[in-house]
Amino acid sequence: MTREELMETDKYYQDHIEEWRFLDAAFSGAKDLIKYGILGNDFKDQTVYQKNGAAYGYNYTARINGILTNFIANSNFIHSYGAALSQDESFLAFLRDCNGIGTSYNVFWNEVREVVSCMGHCGVVVDQAAGGSAAELKAKKIYPFVQFYNPINILQMQISINPDTARPEFSRIKLHENNPERVIILEKNFIEIWDLPVGSGGDPVLSDTIPNELGFIPFHMFINIRKKGKKWDTLSSVRGVADIDAAMVRDAIRVEKTIHNAAFSNLVLPAREHIPGQAEQTKKTGVSQIWTETPETKGITRWLSVEIAGILAPMLEVHEVRRREIYFMSDLAMILASDSKQPRSAESQEQSFKFLEGRLRKMVDNELEARRAVIKFWLSWQRKIDLFDDVNIGHDYEFNVQDLVSGLEDLLTEKGLLQASGTAQKEVSKIITRRGSLKESPPEIIKRIDREIDEYEPVAPESIDLI
């Protein structure tokens with residue numbers, strides 16, 4: 001099999017790959033967006049903008065994606081695995097390290113949720129090392145592990161109707177991996193692993209063919225939000241934000257060029273002595289060109305007289321409109337209340353909360369499906385599928401949206417106090433410890449952090465900037 005044959009993709013992939021690449025670039029930032037090609041034909045030499053510092057953006061795609069997923073990360077998933085599974089040594093080891101590289105089960109879902117929210121979906125696979133009976137694998141502390149795949153790396157997804165159940169099921173999945181580069185083909189009866197040679201030469205090598213003992217493919221398509229009436233088409237939480245992100249990168253370059261051309265003097269270089277027999281070098285003049293200095297003009301400084309503020313004002317106004325629209329389209333308009341001069345009614349705030357909570361509920365419902373599928377696949381590999389009847393995975397649908405916005409407003413109110421009081425700074429730090437990503441840390445770690453906070457000398461008031 002040639003590399004081209006092995007890397008063949010299905011129509012669904014071909015129809016959506018450019019969308020996924022764009023979203024992936026927007027999440028990574030301005031430099032990757034430029035590499036993707038967002039500058040188009042408006043900029044002659046695009047390579048200069050791919051250098052560090054030559055162009056910049058605000059990476060709202062990653063920021064908004066992080067805000068939305070953090071609402072879920074800080075909410076409560078409810079797991080009840082039943083008495084037998086809760087005491088299973090292999091399962092407890094799986095919860096501590098679910099992917100074989102030390103990632104805990106909870107951290108895994110935080111990571112995959114970020115990808116799903118940005119890209120619209122991803123693939124989740126539960127696999128197990130081949131060879132040996134269940135008892136032998138347990139003795140070696142080998143258990144099924146889970147991993148996820150960005151849609152860019154899911155080359156094919158084929159579905160067929162199971163003749164026994166009359167239900168649709170995956171009949172073929174083709175996955176592309178890097179480092180080392182290889183392709184994995186999963187079918188109901190076998191799993192193939194193809195190694196791709198480094199460089200462009202040589203055909204792929206079939207390194208292993210493993211019987212699929214399950215009789216089905218342990219692959220779940222973890223969806224963010226499904227498009228209405230569409231089976232596979234999924235919605236990214238930040239698709240519109242990514243478009244604005246790209247526009248803001250282009251505008252940032254234009255603003256920088258405008259400032260350079262209109263607010264700075266022309267460069268002046270000494271005239272070169274004309275050498276007989278050689279063509280005289282053509283000199284160009286203009287806003288961004290170099291003027292030649294002659295003996296007659298030596299010492300004269302040339303400055304452009306331009307009202308730069310008047311030129312930049314419309315650009316900056318458009319920038320502010322786009323920034324605000326990002327929050328509205330993401331159902332996060334209530335966050336703008338913290339820097340708005342216009343008061344918003346209680347009804348308007350409540351409506352914003354409902355829109356956001358509705359979005360988060362859909363995301364959580366789909367994540368619950370994915371979590372149940374992973375446990376079901378894991379038990380299938382262990383030949384303990386009967387224990388799945390005792391498994392209950394749910395969510396309380398409390399996202400603390402209003403608490404967050406109230407916290408933002410309180411933070412603005414308390415800014416003066418924090419600038420004046422080192423004790424207030426310490427107490428706020430302790431609150432953040434208990435509510436943020438450290439809230440699940442062991443009690444002894446929390447106590448140690450509290451002790452270090454008490455011993456720490458607060459930052460000088462003039463250097464504090466919370467906004």
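Visitor: Which element gives the largest share of the lining of the second largest pocket?

Guide: In this predicted model, helix H11 (346-381) contributes 7 residues, the largest share of that lining. Strand E5 (168-177) and strand E9 also supply at least two residues each.

Visitor: What makes a residue part of this lining?

Guide: A lining residue has an atom within 4 Å of a point of the pocket. For the second largest pocket 27 residues line the space, and Pro168, Glu169, Phe170, Phe219 and Phe377 lie nearest its centre. The space amounts to about 990 Å³.

Visitor: How many residues of that lining are nonpolar, and how many are charged or polar?

Guide: The lining holds 13 nonpolar residues, 8 charged and 6 polar.

Visitor: Why are E3 and E9 said to stand at the edges?

Guide: The open sheet has 3 strands in the order E3-E2-E9, paired antiparallel. Strand E3 (145-149) and strand E9 (219-223) each have a single partner strand, so one side of each is left without a neighbour in the sheet. From one strand to the next, the twist averages 25°.

How values were computed:
Residues numbered from 1 in each chain as written. Predicted model: local features only at pLDDT ≥ 70, side-chain atom pairs only at ≥ 80, totals over all residues. Heavy atoms only, no water. Pairing = 2+ DSSP bridges. Helix = DSSP H or I, 4+ residues; strand = E, 2+ residues; numbered from the N terminus. Axes fitted to C-alpha atoms, helices over the stretch in contact; angles between N-to-C directions. 1 Å grid on protein atoms, 1.4 Å probe; cavity = no way out; pocket = protein on both sides within 12 Å on 5 of 7 lines; lining within 4 Å. Points joined across faces, edges and corners; volume = space filled by probe spheres on them. Nonpolar A, V, L, I, M, F, W, Y, C, P; charged D, E, K, R; others polar.
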